[in-house]
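This report describes how the parts of one protein model are divided and how they meet. The sequence and the structure come before the text.

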Amino acid sequence: MRKFKTIFAYTVLVVGLLVMVAASSKSFVFAVWDWHNKHGGDNKWYMIYHSPWGDLVSQANLDNEKKYLERKNYTYDRPADCGKGNVALYILGDSYTRDIPDSVFCNVTSLEKSRVTQACTFRPKKGAKNVLIIEMTERYIREMLHVTKDFSIPPPANSSAAGGADGVKSYAAFMNRNLEYLLFHFNFVNPIRRAKASLGLNYFGRGSGNTVLSKDGEYLFFRSTVAPNGRFSSYSYVSDSEVDFCVKKMNYIYDHFKAKGFDEMYFSVIPNPATILQPEGYNGLIPRIQKSAMLKVKVFDLFSVFSSSANPDVLYRKGDTHWSDYGMHIWIDMVNSEMVKY
Amino acid sequence: MIFNSIHFLVFFIVVTVWFFRLQHQRSRVWLLLLSSCYFYMTFIPVYILILFFTILVDYYAGLFLERTDGRTRKLILTGSIVANIGVLVVFKYFNFLSASLQPALHALFPSVHTPILDLLLPIGLSFHTFQALSYTIEVYRRKQPAEKDIVVYALYVMYYPQLVAGPIERPQNMLGQFHEFRPYNWNNVKEGLLRMSWGFFKKMVIADRVAMIVDHVYDTHQQQSSLTLGIGAIAYSVQIYCDFSGYSDIAIGASKVMGIKLMENFRNPYGAQGLAAFWKRWHISLSSWFRDYLYIPLGGGRRGALRTRLNVFVVFLVSGLWHGANWTFGLWGVLHGFFVSLFPGVKTTEGGMPNGSRVGAIARVTATFLLVTLLWIFFRAPTIQDAFTYIGGIFTLNGGGLSTGLNTTEFLLAVLLSILMFGAEARIKRFYFGSDVLFFVTVFLSVIVCYFLGVVGETKFIYFQF
C-alpha cells in the first residue's frame, strides 16, 4: 500500500507539472488543437474543436447545437474589371480580416496583414500607392484605443486601471483556457457539460459560461457583448468624453501613419452581432464615433449598411462571433469601391 | 492566479503532493517560496521585484533592530515603515492624491496639472505590506526575535495561500511554523479540503450568483424601485461576505492541508449586536492589526472619552482608505468610525452572551446588519454621488416591481442557499469527519454542487483589488 501511494504521488506530481508546462506553451496547445481538428470527431474520445463551425458553439454546450452550426466558408470572386493599379494594401486587423482571402481587392498588387494587437511592422513601399486599413471589432475598440502601445503612441493617463485589470485577466484566461482544453476537451465530458448548460437554460433562463442566447433564441452571443456594463458591451454606458477620446486617438493614429509615409488610411469598426441583431438599448458607440465632427480619418461605415439591411439575419453566423460570407462580401465591396479610385 | 480556477487547482495539487514528498523542512520552505513566487508572478511578473525590495529592507531592518538600542532603533523602524508605506503610496495612492489635489491647484494656478503615474496596482499590495510591517514593529517591540533565515522571512511575506488577500498574519504565528517539520497528517488533509470545499461553495455558488443581482441593481439603480434597491443592498452584504470569507476559507484550508495553521478572519459578523462587535468579527486580521499598531499607539481608550472617539475615528478613516484609493472608501470608513464612536456597543457577559432579552438581541442584530448593509453602499458604489442617489432611492419609497437580473427560480435559489449558508456557517467550520467514506462523499458532493450550481468563470475576489 505504501509503495502504491508513493507511485501514485509521483505520477500525480509528474503529470501535474507536465500539464502546467504544456498549458503555458501556446505552440504546444495549438499543435494539440490542430491534431484534434485533423483526427478528432464525434466517434473519437477527443473532441473536434468547433471553430470552423462556430466559435461559440462548443462553449455553449447546448443539446440542440446543430441548430447553430454553420461551416466557415469564406470565398469571394473578384470582379474581372476591377483594375490593375499599383496599390500596396496593408490591413492591421483581427480575426475578421484574417479570414478574408488574399486576392479579392481591386487595384492591389501587394497585400500585407497583421494583427492589430501586435507591433506594426508595415513599411510603405516606394513607387506604390500605400493604403492602410485598421480594422477592429466593436467589442475591442475602446480597449484597443485606450491601452494599445502598438502605434508608438503613449497610452492615455487613465489607461492603467483598465489595462492592468485586463492584462492580468488575459494571462489568467490564457492559462485556464489551455488547461481546460488539455484536461477536459473530450467527448466523454460532453454529457456533464450539457447537463450544466441545460440546467442553466431550462431553470435559470441563461446560457452557459461566456455564451448567451439572443432574445429570439436564433443566435449565440458573447456574454460580454450584451452585459449591462463593461467595455466590450453594446449596451454599456458610453460617455461623450469617452467617444471624444476614441475620436482623438483615431486622429492621432491617422497622423502617425500619414507621417510614416502612408498615402491613405481608413478605419473600420465591425459591429458586434448583438448591435445589429438586437439593437434595442444599443449605446451607439460606432455611429457616435463616426459622426463626430472632430473625426478626420476616413471610415468604412459597415454599421450603417448592416443596421439598415432589410435582412440582418444573414449578416452573421449563428453560432459564431464573426460575420457570414455575405457580411464579409459587403465589407470587401465597400473596400473595393475605394480601391478602384486609386 | 485566482483560487476559483483550474490553474489554481492544478497548482495546488502539484505543490501539495510535492510538499509531502520532501523529507527536509529546508526543501519544503524553498518549495513553498518558489511556488509562491510563481503564484504571484502569474499576475504581473515584474512586480515581484517590489516584493523582493521590501523583503530585503525589512529582513535587514529586523536584524539591525535586534542588535541596536536607543534612537538608532527608532530610525531603523522609521526607515522600514517609510520604505513599505512609500511603495504603497506610490502604487496605490499617488494618482488618488494627485487627482484630489488637482482642483485646488488648478484654481490657484490654472496652467498647473498634477502628474498621473501610469502604474498598475500590484495585487494584494496592502495585505503583504501590512504583514511585513507587523514583523518589523514586533521586532522593534522585542516581542519577536529577528528572523535569521532570509528564505523563511521571504516565505513569511510571500506564502501563497494568504499572499494576495490575507489573513494578515503576525510573525509569532507563522515563522515558527515554517521552521518546524510537520509530517503528513491525514486528518489535516481532510480538515483542509473540507474547509476549501466550503470556501468554493460560498464563492462560486453564492457570491458569484448574488453578484449578478448586485451588478444588475447597481448598474441600473437610477431606474429601480425602492424594493429592488433594498434587495440589491442586502445582496451586496451577502456577496461581500461569501466572497471574502470564502477566499479566507480556501486560504486557511489550503494551508491546513500542509499542516500550517492560519488565523481565522471571520466569526459570524452579521450576528454582531452593534458595530463595534461587528468589527471584532469581520476581517479580524485587519481589525486587530489596526488595533495593535494604530489605535493603541494613538492612545487607545486611555486618554479620555473625546480622545478615544477621535482615535476610533482616525483608525476607521485609515481603514477605509486602506481598502481603496477613492473617497467612497474614505467616507465608508468615516461613517463606521462615527457610528462606532457614537454607539460603542452592547456589554456582554463573560461567556459572550449579551445581557438582556432575546427579543432585544434579535433587534440589535437586525439593526446592526441593516446599518452595515447601508454603509456597504458607499463601499460598492463607484462614486459618492452614486451612493447617495442609491440610498435616496431606497428611502423615497419608489413603487415598482422587483428587478433582480435573475429569473424567479434562480433568485429564490440564491435566497435559499444564502439562508442555508448562514445557518450552517458556524457549525461547518467545526465539523470533523472521522469516517473517510463520509469525507469522500462530502467532497464529491461539494464538487458536484460547485460545478452544477456554481457560476463558473474567471470572477475575481473583491478583496484582490486592495
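The model is a predicted one.

**Interfaces in outline**

The size of an interface is often given as the accessible area lost when the parts come together.

| Interface | Buried area | Share on carbon and sulfur atoms |
|---|---|---|
| Chain B and chain A | about 3,100 Å² | 67% |
| Domain 1 of chain B and domain 2 of chain B | about 2,700 Å² | 63% |
| Domain 1 of chain A and domain 2 of chain A | about 810 Å² | 80% |

**The two domains of chain B**

In chain B, the domain assignment sets domain 1 at residues 25–180 and domain 2 at residues 187–465. The C-alpha centres of these two domains of chain B are 26 Å apart. Contact between them involves 33 residues of domain 1 of chain B and 31 residues of domain 2 of chain B. As tabulated, domain 1 and domain 2 of chain B bury about 2,700 Å². Of the area that domain 1 of chain B buries against domain 2 of chain B, 22% comes from B:Phe96, B:Phe130 and B:Arg170, more than from any other three residues.

The polar side of this interface can be counted as well. There are 14 residue pairs in polar contact between domain 1 and domain 2 of chain B, with both residues at pLDDT 80 or more. On the side of domain 1 of chain B that touches domain 2 of chain B, at least two residues each come from helix H4 (71–108), helix H5 (125–140) and helix H7 (171–179) of chain B. H5(B) has the largest share of that side of domain 1 of chain B, with seven residues. By class, the side of domain 1 of chain B that touches domain 2 of chain B consists of 20 nonpolar, eight polar and five charged residues.

How many salt bridges are found across the interface of domain 1 of chain B and domain 2 of chain B? The rule finds one. For comparison, the count over all chains is 24 salt bridges. B:Arg170 and B:Asp292 form a salt bridge through their side chains, with an N to O distance of 2.9 Å. B:Arg170 is in the loop between helix H6 (150–158) and H7 of chain B, and B:Asp292 is in helix H11 (residues 284–295) of chain B, so the pair ties together parts that are 122 residues apart in sequence.

**The two domains of chain A**

Chain A is assigned a domain 1 at residues 1–39 and a domain 2 at residues 56–342. Their centres, taken over C-alpha atoms, are separated by 34 Å. Here 11 residues of domain 1 of chain A are in contact with eight residues of domain 2 of chain A. The residues of domain 1 of chain A that lose the most area to domain 2 of chain A are A:Val19, A:Ala23 and A:Val29, which together make up 48% of what that side buries.

Across the interface of domain 1 and domain 2 of chain A, the rule finds zero salt bridges, and one residue pair is in polar contact, both residues being at pLDDT 80 or more. Helix H1 (2–23) and helix H2 (26–39) of chain A each give at least two residues to the side of domain 1 of chain A that touches domain 2 of chain A. H2(A) gives the most, with six residues. That side of domain 1 of chain A has eight nonpolar, two polar and one charged residues.

**Between the chains**

Contact between the chains involves 33 residues of chain B and 38 residues of chain A. Two or more residues of the side of chain B that touches chain A come from each of helix H1 (6–21), helix H8 (186–219), helix H16 (408–428) and helix H17 (436–453) of chain B. H1(B) gives the most to that side, with nine residues. The side of chain B that touches chain A divides into 20 nonpolar, six polar and seven charged residues.

**A sheet in chain A**

Chain A has an open sheet of five strands in the order S2-S1-S3-S6-S7, with parallel pairing. Its edge strands are strand S2 (108–115) and strand S7 (298–299) of chain A, each pairing on one side only. Strand S6 (residues 264–270) of chain A pairs with S7(A) in the parallel sense over two bridges. A:Phe267 has A:Val299 in S7(A) as its bridge partner.

Note on methods:
Residues are numbered from 1 along each chain as its sequence is written. Chains are lettered from A and ligands numbered from 1 in the order in which they are written. This is a predicted model: local features need pLDDT of at least 70, side-chain atom pairs count only at pLDDT 80 or more; totals for chains, interfaces and linings use all residues. Side-chain values use heavy atoms; hydrogens and water are left out. Domain bounds come from an automatic or database domain assignment. Contact means heavy atoms within 4.5 Å. Buried area is the accessible area (1.4 Å probe) that two parts lose on being put together, summed over both. A salt bridge is a side-chain nitrogen of Lys or Arg within 4 Å of a carboxyl oxygen of Asp or Glu. A polar contact is a pair of N or O atoms within 3.5 Å; within protein, one must be able to donate a hydrogen and the other to accept it, and residues adjacent in sequence count only if both atoms are side-chain atoms. Helices (H or I, at least four residues) and strands (E, at least two) are DSSP runs, numbered from the N terminus. Ala, Val, Leu, Ile, Met, Phe, Trp, Tyr, Cys and Pro count as nonpolar, Asp, Glu, Lys and Arg as charged, and the others, Gly among them, as polar. Two strands pair if DSSP finds at least two bridges between them.
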